[in-house]
Amino acid sequence: MQALRIWMIILGLLSVPEFIQAQIPFQSRADFAADDPCGYDSTRAVIALQNLGHGWGYNYDSLLVDLQRWAQSPYVQVDSVGASVQNRALWLLTITDTDPFTEPAYRIWIHARTHPNEVQGWWVTNEIINILLSETPLGRTLRRHFIFHIMPMYNPDGVELGRPRENANGVDIESNWHSADPEPEVRVLRRLFETYMASPLPIRIALNMHASYRCRRFFVYHDAKGTSAAFAEDQKKFIGDIRSYWPEGIQNWDYFVSWKNGTPRVYPESWFWINYREAVMALTYEDMNCYSAGEYDRTAHAMVSGIIDYLNINPPTGITEQPAASAPDRFSLQAFYPNPVASAGAARIRYYLAEPAKVTIELYNALGRRLQSLEHLSDQAGLQFAEIRLPPLSSGVYWLVLRSRYGTLSRRFVVLRRTAGLY
Ligand SMILES: [Zn+2]
């Protein structure tokens, strides 16, 4: 027994320390599968686990300690939303501080630790949480206009068992989304996505946080051959808006192009694309899984600042959110439904006029361009109902604008062109 222990110590000394591994030029490591953005390397994953400690330096207990701390913030709600194979709770943070009289503009989803060894994707997420909870102009802007849902540890069993990529059943839950009988973790996430997508405020951006042995920071871009020309352009804008805050730190959109041979069905991004098309910007982000990783705060700052720019969170030019100061009791838009609405479908609105007045209605796209003016509505006083037939529209965000002499009312809504679901 003693001899075995001595041999283990000697073997431990012979294993290659990480600082030597880091000297290996990454370009020479051609053994990464071409279609795997994480560039998995089992040797490096094991060495990193030895160096960083249990859970690659952030394990389930680390998360439980942080959850207690975050829960003390008035902006955070902590929920257990399901369980892993080994019955560990999957925890979800919801962070927002929207005015109860103003609708939040966008819902954002972020999850990390699908692949437990890619802990750097979590460290970036952690810095996003820090910004969201901070008493800074950026933190306040984000809380006022967004609902953020953040799942810090999607694969807690893998973290605890020291499995670099798999859950307790030995399954890679990143690519389990097309299974007829998906893993428990995948079922939890899919149910949440379905719930939010059916809500009046569907998910607009979904980020899947990883870290790559390619030792670069980049987004996994989906080629137009697997998505659409419009979505390809939209991704370039999204990645470009984030990258504009740190061009030397984050790679351009063309660093890793995937889906060149069609649409894969196995990933969470596949699920979003197949079901909701351009309505959701669902992308994987890869931080650096290597010795030179770091500057997670700078990455997080670029990400949230780019998201604000990309979504143009203020109403488009020429549209005011509220009518003139004295008017709410004379002219108000009380309901718009359904939201999301189907392309070429009908939306119903309920509005109130204190006195007879002419009301016109206009349709704008997210960039503030007027698409259509519709017939003027009833001029009568009182509570009014109207059905609006929408023209065929591509998936995305639109604004309905009602004008009368009492002011201008606007309502943001989402159009979804649904395709046949996978499940
Ligand atoms: Zn990964």
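In what order do the three strands of the open sheet with antiparallel pairing run? The order is 10-12-15, where strands (E, at least two residues) and helices (H or I, at least four residues) are DSSP runs numbered from the N terminus, and two strands pair if DSSP finds at least two bridges between them. Strand 10 (331-337) and strand 15 are the edge strands, each pairing on one side only. From one strand to the next the twist averages 20°. Strand 10 and strand 12 (residues 346-353) run antiparallel and are joined by six bridges, with F331 standing opposite L353 in strand 12.

The model is predicted, so that local features need pLDDT of at least 70 and side-chain atom pairs count only at pLDDT 80 or more, whereas totals for chains, interfaces and linings use all residues. Residues are numbered from 1 along each chain as its sequence is written, and side-chain values use heavy atoms, with hydrogens and water left out.

Strand 15 (residues 382-389) contains F385, which is exposed, with a relative accessible area of 56%; here exposed means over 50% relative accessible area, buried under 20%, and partly exposed in between (1.4 Å probe, protein chains only). Together with Y337 and L383, F385 makes a nonpolar surface patch of about 320 Å². Such patches are made of residues with over 30% relative accessible area and no salt bridge, with nonpolar side chains (Val, Leu, Ile, Met, Phe, Trp, Tyr) joined within 5 Å and like charges within 9 Å, a salt bridge being a side-chain nitrogen of Lys or Arg within 4 Å of a carboxyl oxygen of Asp or Glu.

Another open sheet is formed by seven strands in the order 1-2-4-3-5-9-6, with mixed pairing. Its edge strands, strand 1 (76-83) and strand 6 (218-219), each pair on one side only. Strand 1 and strand 2 run antiparallel and are joined by six bridges, V78 standing opposite L93 in strand 2; in their hairpin, which has five residues between the strands, N87 takes a positive phi near 65°. Strand 2 is largely enclosed by the rest of the structure, because six of its seven residues are buried. Strand 2 also pairs with strand 4 in the antiparallel sense over three bridges, and the bridge partner of T94 in strand 4 is H149. By contrast, strand 3 (residues 106-112) and strand 4 (residues 146-151) pair in the parallel sense over six bridges, and I110 stands opposite I150 in strand 4. Helix 4 (residues 60-71) packs on this sheet, touching strand 1 and strand 2 (89-95), and its direction makes about 30° with that of strand 2; contact means heavy atoms within 4.5 Å, and angles run from 0 to 180 degrees between N-to-C directions, the axes being lines fitted to C-alpha atoms, for helices over the stretch in contact. Helix 11 (residues 296-311) lies across strand 3, strand 4, strand 5 (203-212), strand 6 and strand 9 (281-288), and runs at about 155° to strand 5.

Helix 10 (residues 268-276) is mostly covered, with nine of its nine residues buried, among them W271, F272 and W273. The cover of these buried residues includes helix 8 (184-197), strand 5, strand 7 (221-222), helix 9 (229-243), strand 9 and strand 17 (407-416). Helix 10 is followed by R277, whose phi is positive, near 50°.

Overall, the secondary structure of the chain comes to eleven helices and 17 strands, and 54% of the 423 residues count as buried.

Technical notes: Areas by Shrake-Rupley, 256 points an atom, 1.4 Å probe, with all protein chains shown as cover.
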